[in-house]
Amino acid sequence: MNKKKESGHSELKHHFASDNYAGICKEAWAAMAEANRGMASSYGDDYWTAEACEKIRELFETDCEVFFVFNGTAANSLALASLCQSYHSIVCHEMAHIETDECGASEFFSNGTKVLLVPGENGKINLDEVEHTIHKRSDIHYPKPRALSITQATELGTLYSVNELQAIGELARKHSLRVHMDGARFANAVAALNVTPKEISWQAGVDVLTFGGTKNGFAVGEAVVFFNKELAFEFDYRCKQAGQLASKMRFLTAPWIGMLESGAWLKNAAHANNCARLLESEIKKIPQVRVMFPSQANSVFLEMAPEALEALRGRGWHFYTFIGSGGARFMCSWDTDISEVANLVADIKASVT
C-alpha cells in the first residue's frame, strides 16, 4: 500500500513502533549469502545447522539441546508444551506475551494446559503471588502447576536481575516447577545487565530458553535452547507437527553463526538499549510526559494526554498503545539512528505544548 495513501502523510514514521520493523543487519545477511552456495541437505541435516548449535553451546558454556523455529510464538508454545501435560498449568505474569499476544498458542499446542496469571510490578512476577497460586488448590479438580514462565526482558522493558532470577529458580525447584524463559529480547538483557548468558539462564535455574533472533537483526528465526536435555525428548517431532521444521534450514541457522562469531548479536542489542536510554533521558526533561516504567532494555513507555498522542500521530509517527498499561510504547532497534531519537523528542515536545 502506498504510504501516502495509507497515512495521509508523505511518510509514515515506523522507526519506533516495533523492533520487528527493522530490516536484516549486514552480518546476518552476509551469513545467509554465504550459505546460499550450491546445494545442502534439507531439514537441518547440514553444516550450518550443526555449527549454529555448537556456537550456541559455546555461548552458554554448557551442553544443551538446540532447535530452530520460524517465530517466537512457536518457540514459546512448543517449549511450554514440552514441559507440561494437558492437565497441568503454566504460571506467568498477567502481561506476559504468551498470555496477551500469542492467541492461546501455549494452550493449543499443549492440548489444553491452563495458563494461570499472577501480578507483579513493572512486568515482573511477584514471588509471593506465585506461591499463593501454587498453594491455592491442590485437589484433583484443579490444573496442577508444572511450569513457571518468565520474560527477559519483560513486556514492559524491565529486567530481572541475577539475584531475582536465582530466587525464581529456587522457588521453582522447591515446588518442582520447570522454568521457561521467553527470551525474545534476551540479547538486550545480556547487554544491559553486563553479564554472561549463562548467569541469567541455566545457572539461575532456567530449564528452557527461547532465544530471540528476529528482533535483533535476523531475517527470521528463534532458537529453542533446552538446558535440561531430558525435556527436549522428541521436540523435533513437535516442531515437525507444528509446521516449524524448515526444509531449507540452513537459512534459519546460518545467521546465528555470523551473528555469534562477529559479536553482532550483542552489539546490536547494546545499540538498541543505548538509544532507549537516550530517548528516556530526553523525555524526562519534558514535564507534560511521564515515563511509565524503568527503561532497562530497548523500550520506553510514555504517558501523555490523548490529544498529544493524536498530535504525534498527526506528525506521522506510528506507535502502539495497546501494549503495556495504557501508555504509548516506543521501541528502539538495532538500526535506530540517533537523529531519529532527536526528531521524535522534538515532535513530542511540539505535541504537548
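**Rings in the core**

Biologist: Why is Phe-68 called buried?

Modeller: Its relative accessible area is 5%. Buried means under 20%, exposed over 50%, partly exposed in between, with a 1.4 Å probe and protein chains only. So Phe-68, at 5%, counts as buried. The model is predicted: local features need pLDDT of at least 70, side-chain atom pairs 80 or more, while totals for chains, interfaces and linings use all residues. Residues are numbered from 1 along each chain, and side-chain values use heavy atoms, without hydrogens or water.

Biologist: What makes Trp-256 buried?

Modeller: Trp-256 has a relative accessible area of 2%.

Biologist: Which parts does the pair tie together?

Modeller: Phe-68 lies in strand 1 (residues 65-69) and Trp-256 in helix 11 (residues 250-262), so parts 188 residues apart in sequence are tied together. Helices (H or I, at least four residues) and strands (E, at least two) are DSSP runs, numbered from the N terminus. Both rings also belong to a cluster that includes Phe-60 and Trp-265.

Biologist: What makes Lys-124 lie over the face of Tyr-160?

Modeller: The rule asks for NZ of Lys or CZ of Arg within 6 Å of the ring centre and within 35 degrees of the ring normal. Lys-124 is at 5.9 Å from the ring centre, so the distance passes.

Terms used: Rings of Phe, Tyr and Trp (its six-membered ring) pair if their centres lie within 6.5 Å; planes under 30 degrees apart count as stacked, over 60 as edge-to-face and the rest as tilted.
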